[in-house]
Amino acid sequence: MVEPQPPFPWKQLTGVCFGMLLPVLGLATWDLLQPKLHARIVHANRYSVPLHDRLLMPIPDGSTREDFLQEILYIGAIADRQQLLDPQLTITLHQSFARHPKVKQVQSVSVNPEGMIEVKLIFRNRPESLENPVQPKSTNR
C-alpha cells in the first residue's frame with residue numbers, strides 16, 4: 001500500500017517568505033524616505049540659529065567681537081543665521097574663517113552638544129613695519 005504524501009506546506013512557506021520580505025521592504029522604504037525626512041528636519045526654522053549667539057571664538061587684537069564676526073560673514077559670504085544640523089556647517093565656517101586676512105590657521109570648528117559652535121584659531125602676527133611705522137623725514141630745505 002502506498003502511503004499518501006502530506007500536502008505541501010504552502011502556509012508555512014508563505015509565512016517565511018513574508019517574514020523575510022517585510023524587513024527588506026522596510027529598509028528599502030527607509031532608504032527612499034530618509035533623505036527627504038533629513039532635509040525637512042535640517043531646514044526647520046527651530047534649528048536655524050544666529051551665529052553671533054552661538055560662536056565661541058578668540059578675537060584678534062584691535063578688533064571687537066561684532067566687527068570680527070561681521071568681517072567673517074562678509075568675507076565668507078554666509079548668512080548670520082545657520083542651520084545647526086547642517087552637515088556642511090563646520091566646513092562652511094572653517095572656510096570662512098580661513099579666508100580672513102588676520103587668521104593664519106583654523107585649528108578646528110566643532111558643534112558641541114549644547115549647540116555652541118567652538119572655533120579655535122591662530123592669528124597672524126602683525127609685521128613690525130605696521131606696528132612701529134617709520135615717520136617720514138621732512139625734506140624742507
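A nonpolar core is a set of buried Ala, Val, Leu, Ile, Met, Phe, Trp, Tyr and Cys residues joined through side-chain atoms within 4.5 Å, where buried means under 20% relative accessible area, exposed over 50% and partly exposed in between (1.4 Å probe, protein chains only). Keep in mind that this is a predicted model: local features need pLDDT of at least 70, side-chain atom pairs count only at pLDDT 80 or more, and totals for chains, interfaces and linings use all residues. Residues are numbered from 1 along each chain as its sequence is written, and side-chain values use heavy atoms, with hydrogens and water left out.

Let's start inside. The largest nonpolar core has 19 residues, and those with the most contacts within it are Leu-55, Leu-93, Phe-97, Ile-117 and Val-119. At least two core residues each come from helix H3 (65-76), helix H4 (89-99), strand S4 (103-111) and strand S5 (117-123); helices (H or I, at least four residues) and strands (E, at least two) are DSSP runs, numbered from the N terminus. H3 gives the largest share, four residues. Take Val-119: leaving aside neighbours within four places in sequence, its contacts (heavy atoms within 4.5 Å) include Leu-55, Phe-97 and Ser-108.

Now for the sheet. Strands of a sheet pair through backbone hydrogen bonds, either parallel or antiparallel. Here three strands form an open sheet in the order S2-S5-S4, with mixed pairing; two strands pair if DSSP finds at least two bridges between them. Strand S2 (55-56) and S4 are the edge strands, each pairing on one side only. S4 and S5 pair in the antiparallel sense over seven bridges, and Ser-108 stands opposite Lys-120 in S5. H4 packs on this sheet, touching S2, S4 and S5, and its direction makes about 160° with that of S4 (axes are lines fitted to C-alpha atoms, for helices over the stretch in contact, and angles run from 0 to 180 degrees between N-to-C directions).

Back to H3. Its buried residues are Phe-68, Leu-69, Ile-72, Leu-73 and Gly-76. Seen down the axis of H3, these fall within an arc of 135°, so they line one face of the helix; the arc is that of the directions from the helix axis to the C-beta atoms. Helix H2 (51-54), S2, H4, S4 and S5 are among what covers them. On the other side of H3, Glu-66 and Tyr-74 are exposed.

Just after H3 comes Ala-77, with a positive phi of about 55° although it is not a glycine. Ala-77 sits in the loop between H3 and strand S3 (81-83) and, at 68% relative accessibility, counts as exposed.
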